[in-house]
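Subject: Structure handover

Hello,

Here is the structure for your files. My notes on what was found in it follow below.

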Amino acid sequence: MRISARADYAVRAALQLAAAQDAGPLKAEAIAEVQDISHKFLEGILGDMRRGGLVLSQRGGNGGYWLARPADSISVADVIRCVDGPLVSVRGVRPPELSYTGPAESLLTLWIALRANVRQVLDGVSLADVAAAKLPAGISELADDPEAWTNP
């Protein structure tokens with residue numbers, strides 16, 4: 001699995017909105033500056049998130065963006081899916097739509113298991129969890145393994 005720059009920026013923007021949820025709308029310029037993201041690129045991402053129902057927006061001097069739902073009801077996976085589509089695909093195809101034969105036949109089971117694990121991690125962590133630096137115990141346990149920090 002590869003996290004695109006678009007998905008990374010979307011999650012970071014959503015986290016800024018989560019952290020400011022009670023402070024009112026945030027301007028895209030402010031989010032872009034704090035997160036060091038191109039303003040123009042961020043505007044496109046926020047537009048996708050608005051169309052996907054994750055953020056709301058208002059124009060004008062008091063306008064900006066805010067989360068459409070409480071941060072504890074939006075998962076990191078929700079944000080990634082909104083801007084990049086399915087969490088796991090193979091050659092752009094969702095695993096259940098694939099088929100293999102011969103010695104590669106069990107590869108489909110591997111891709112499905114990978115997707116299940118990615119979903120378990122990313123669907124199980126809300127924006128509120130990340131913004132408050134209170135990740136679920138299982139996530140912290142995975143990251144505490146020194147092998148998780150190495151690249152084979």
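The protein chain has seven helices and two strands, where helices (H or I, at least four residues) and strands (E, at least two) are DSSP runs numbered from the N terminus. Read from the N terminus on, the order of elements is α-α-α-β-β-α-α-α-α.

Before the details, the basis. This is a predicted model, in which local features need pLDDT of at least 70 and side-chain atom pairs count only at pLDDT 80 or more, while totals for chains, interfaces and linings use all residues. Residues are numbered from 1 along each chain as its sequence is written, and side-chain values use heavy atoms, with hydrogens and water left out.

Overall figures

Taken along the principal axes, the C-alpha atoms of the protein chain fill a box of roughly 60 × 30 × 25 Å. Of the 152 residues in the chain, 30% are buried; buried means under 20% relative accessible area, exposed means over 50%, and partly exposed lies in between (1.4 Å probe, protein chains only). The chain exposes about 9,300 Å², and carbon and sulfur atoms supply 53% of that area. Accessible areas come from the Shrake-Rupley method with a 1.4 Å probe, and for residues only the protein chains shown count as cover.

Among contacts between residues at least 6 apart in sequence, 56% join residues at least 24 apart; a contact means heavy atoms within 4.5 Å. The chain carries 15 positive and 18 negative charges, and their mean positions are 10 Å apart. Lys and Arg count as positive and Asp and Glu as negative, with His and the chain ends not counted; each charge is placed at NZ of Lys, CZ of Arg, CG of Asp or CD of Glu.

Nonpolar core

The largest nonpolar core has 34 residues, and L46, M49, L67, V79 and L127 touch the most other members. Such a core is a set of buried Ala, Val, Leu, Ile, Met, Phe, Trp, Tyr and Cys residues joined through side-chain atoms within 4.5 Å. At least two residues of this core come from each of α1 (5-19), α2 (28-35), α3 (39-51), β2 (64-67), α4 (76-84) and α5 (107-123). Helix α1 supplies the largest share, eight residues. As for V79, its contacts beyond four places in sequence are A10, V11, A14, M49, L54, I74 and L127.

Aromatic pair

There is one aromatic pair in the structure. The ring centres of Y9 and F41 are 5.6 Å apart and the ring planes stand at 80°, so the pair is edge-to-face. For reference, rings of Phe, Tyr and Trp (its six-membered ring) pair if their centres lie within 6.5 Å; planes under 30 degrees apart count as stacked, over 60 as edge-to-face and the rest as tilted. Because Y9 lies in helix α1 and F41 in helix α3, the pair ties together parts that are 32 residues apart in sequence. Y9 is partly exposed, at a relative accessible area of 22%, and F41 is partly exposed as well, at 33%.

Positive phi

Most residues other than glycine have a negative phi. D36 sits in the loop between α2 and α3 and is exposed, with 67% relative accessibility. R91 is in the loop between α4 and α5 and is exposed too, at 68%.

Other residues

V93 lies in the loop between α4 and α5 and counts as partly exposed at 24% relative accessibility.

G63 is in the loop between β1 (55-58) and β2 and is buried, with a relative accessible area of 5%. Not counting residues up to four places away in sequence, G63 touches P25, K27 and Q58. From G63 to T109 the C-alpha distance is 48 Å, at a sequence separation of 46 residues.

Q35 belongs to helix α2 and is buried, at 18% relative accessible area.

Regards
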